[in-house]
Amino acid sequence: MDPFMQAAIEEAQQGLAEGGIPIGSVIVHQGRIIGRGHNRRVQQGSAIRHGEMDAFENAGRQSAQTYRESVLYTTLSPCAMCSGAILLYGIPRVIIGENQTFMGEEELLRSRGVEVEVLQEATCVALMEDFIAARPELWNEDIGE
């Protein structure tokens, strides 16, 4: 498995272990992780700390050039909020663990020139299927339903 997707999965597993939603993300610049995170909405009582948003926050301030040279890995198809951040910062490539349990704004990203690759990684699917079955109310809150 790609080591960067593995790092995103480890973030998702950490989020689950903390009592949160198992979605993780890493931002990679020139072969090095510059930001990593996981969904912390539950843990921090946050409205916006999805996995991708947490990775952006943990990357700190970066130059526009750095973002334009980066790849974002996420265990789950990115929602409208996270896709907006990807577009805002000009991330050119997004690698998604899976989109079977949730289809985010992949078409929006593609329409704006972002290269989107979906792996359908079994570990990512299982994490989300198990979580949604166990905590449907928390999942629905996370996606605004």
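Tutor: Searching the whole structure turns up one cavity of 30 Å³ or more. Here a cavity is a set of points, on a 1 Å grid over the protein atoms alone, where a 1.4 Å probe fits but cannot get out. Grid points are joined across faces, edges and corners, and the volume is the space filled by probe spheres set on the points. The largest cavity holds about 90 Å³ of space. It is lined by 14 residues, and the closest to its centre are Ile23, His50, Leu76, Ser77 and Cys79; to count as lining, a residue needs an atom within 4 Å of a point. Helix H3 (51-59) and helix H8 (136-142) are the elements that give two or more residues to that lining; helices are DSSP runs (H or I, at least four residues), and strands are E runs of at least two, numbered from the N terminus. By type, the lining splits into eight nonpolar, four polar and two charged residues. Nonpolar covers Ala, Val, Leu, Ile, Met, Phe, Trp, Tyr, Cys and Pro, charged covers Asp, Glu, Lys and Arg, and the others, Gly among them, are polar.

Keep in mind that this is a predicted model, where local features need pLDDT of at least 70 and side-chain atom pairs count only at pLDDT 80 or more, while totals for chains, interfaces and linings use all residues. Residues are numbered from 1 along each chain as its sequence is written, and side-chain values use heavy atoms, with hydrogens and water left out.

As for the record, UniProt lists residues 1-116 for "domain: CMP/dCMP-type deaminase" in an unreviewed entry; such annotations may be inferred rather than shown by experiment. That span is 41% helix and 24% strand, and its end C-alpha atoms lie 18 Å apart.

Methods: On a 1 Å grid over the protein atoms alone, a cavity is a set of points where a 1.4 Å probe fits but cannot get out, and a pocket is an open set with protein on both sides within 12 Å along at least five of seven lines; lining residues have an atom within 4 Å of a point.
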